[in-house]
Structure formats: C-alpha cells, structure tokens
Amino acid sequence: MAGRGTEQHPHGADRLCETGDRVYSRAVRRGRVSRQDAVPAPCLLELALLHPDPDDMDFLVPTAPQEVMTRLLREMYEEVSASQRRVGSAVAAFERYAGMDGRVPLPSTAAEGGAIRVLDGLARIQAAMDEATEACRTEVLTVQPGGIRREHELTEGLPRALALRGRGVRMRDLYTHVARHGQGLLNYLELMGDAVEARTLDEVIDRLILFDRTVAFVPANADRTMALELRHPALVEYLVTVFERLWRLAIPLSAALPDTGIEGISHRERSIAALLAEGHQDAVIAERLGISVRTCRAHIARLSETLGAASRTQLGVRIAQAGLDGPPATLAAQGRPSPTAR
C-alpha cells in the first residue's frame, strides 16, 4: 500500500521503518529537514513523504500527515474494491462450475461475503447501519466531514443516538472546525450529555463510522449512495488507528481554537494559507475545510489585505514569509485553553 520502498526499506507509507518514522516525525515537527539528515531513509522520498523545498534545495519538506492519511485510505479503498471484484468473479465462476454438476450445493451466502460487503442504495445502507446500531454495546466512533451539520441529519439520527446512550454506549465524534458554528450540533451535544464527546480539526478524512471496533462503514462512491461494510479485523483495526491518531490531534469542542499569533489572521485563514501554500485551488480548499467556495475566497481576500499582497503569486510569498505555509499548530487532545477563539 502507498508504494514500495527500496530493498533496504521494503514497506509502504502505512508501516514506516523505524528510521523513516523518526526522520518524517522530525520533519513534521520542524517543518523541514536537511537532505543529509534524510539520507538514512530514502524510502521517504520514494513514498513522496518528503519532497524538495523549492526555496532551498538542500532541505526537504514533509507532506502533511492529513494528506498521507487521505492517500492511504484512498488506496485502501481501491484495494478493497479490487478484492470485491475478484470475489465477485470467483463466485460467478463457482456458480458456473456448480451448474455443470448438480451434486455440488451452492452456499447461500457466497455472494455476500463476510468480511467486506458492498451496500448498494440508501435503503440497504440504512438497514445495515440500523443492524449495527442495534448490536452495538460499548462504543461508536465517527468522522463527519463537511461543514455545519444539517438540522434534519441530526434529527434523523437522534433516536438511534438516544437508544445507544440508553445502553451505556460511549460515542466520540470528529468534525471540522466549521461545525462549531452550527447551533443544531451544539443542541444535539447538550441533549446527549456526557454520552458523546466531540472534537474538531481543520480537515478530516471522508465519513467513517465504527461500531464496537468490529464493524466499520465507509463511502464507496462520491455521492454516498454506495457504502462498504467492513468486518475484516485487520481493516477495522487500521481504521480505528486512523481515528485514534486524528482524535489525539483534534481540539475538544469545549476548548477554544488556538490563536495564530499574527494580528488580523484567524485560525481558519491560517489553515487556508497552509493549503494555498501547497498549491490547492479554491474549490479544493473549500471542500477540505467544509466551507463554501465563496466563503473561502472571502478569507483569501482578507489574507491578501492583511499580508499586503497585491496578487496571488505575491500572496504565496507573503504566506511563506509569515511562516503560514506549514500545518497549523494544535492543542491536540489535552484541551488546553487558548488565548482567543476565532
């Protein structure tokens, strides 16, 4: 997964060698590392976890951890899809050969599979989710991308959430920072009390729901009319690890967002600046942060004004000069209060 390293580093980005993990972690903390420091870990360049610093070719800058996680999940989904197609072909072949000999009984669940199921259609997805909710006894972990949660979504899910709370199930939800501005979410969390804990990040992965660390649901297409139900222990464990790492980076909803330390620049504008520095277009930035393109462009305009940039190119230079081209600092899971909330 995520490419292969050299013979000395035969791994992908999903399981870095000890040296690669140490060098990459240092690069993330510092914003870059020298080429000399990265020599013992050539896998990081081959896996595109480090790339040359355009301002100083003697240094290497890291790919953002969120980007790496998104890439890993995308590749995992592609592998799962390929496996599903192979299962389908094998089932079809079995049926064909079984038809040649009536004495061979066909297993009734052959087409469904146990570890991975493709759920086609909203009704089937909802039925599977209801079944998993009913069986859940200890914990639900969710990642909810996008911006402010719609009132009707929260209302529709409330009976299931209350039923889970009634059984003593603990729930942890990850949202983007934008979700903090939705009154519906705040009302929902107040109603659920200490049964639900919520944290936020600048950006999160695509939707993920995990029940009791035994079954996971992820989207299988862009419009979310198909989903994968995953019960393979290794896949579910991997997704739990992804969630837990995001959770440690996230900021509790009860804590204020950290101040940027730069007069006139909000936390969201700090996040937008970092994504602009990575070369992303307005629409991509808006989608990743859960805001509209119009809102995104308004923030970019304010960034340009605050930093005194007369053009998009000059804005990129000003962002780098101000040190806004790296990932925003987080207070992580400690919930430490910050000076201001923006």
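Hi everyone, let's start with the pairing of β1 and strand β3, residues 56-62, which run antiparallel and share two bridges; strands here are DSSP runs of E, at least two residues long, numbered from the N terminus, and two of them pair if DSSP finds at least two bridges between them. Please keep in mind that this is a predicted model, where local features need pLDDT of at least 70, side-chain atom pairs count only at pLDDT 80 or more, and totals for chains, interfaces and linings use all residues. Numbering starts from 1 along each chain as its sequence is written, and side-chain values use heavy atoms, leaving out hydrogens and water.

Back to our strands. In β3, F59 is the bridge partner of S34, and V61 is that of H51. β2 and β3 are antiparallel too, over four bridges, and a hairpin of two residues joins them.

Now, salt bridges: a side-chain nitrogen of Lys or Arg within 4 Å of a carboxyl oxygen of Asp or Glu. The whole structure has 13. R32 and D53 form one, with their closest N and O atoms 3.3 Å apart. R32 sits in the loop between α1 (18-30) and β1, and D53 in β2, so the pair ties together parts 21 residues apart in sequence.

Another joins R213 and E244, at 2.5 Å between the closest N and O atoms. Finally, salt bridges with shared partners link E139, R172, R213 and E244 into one network.
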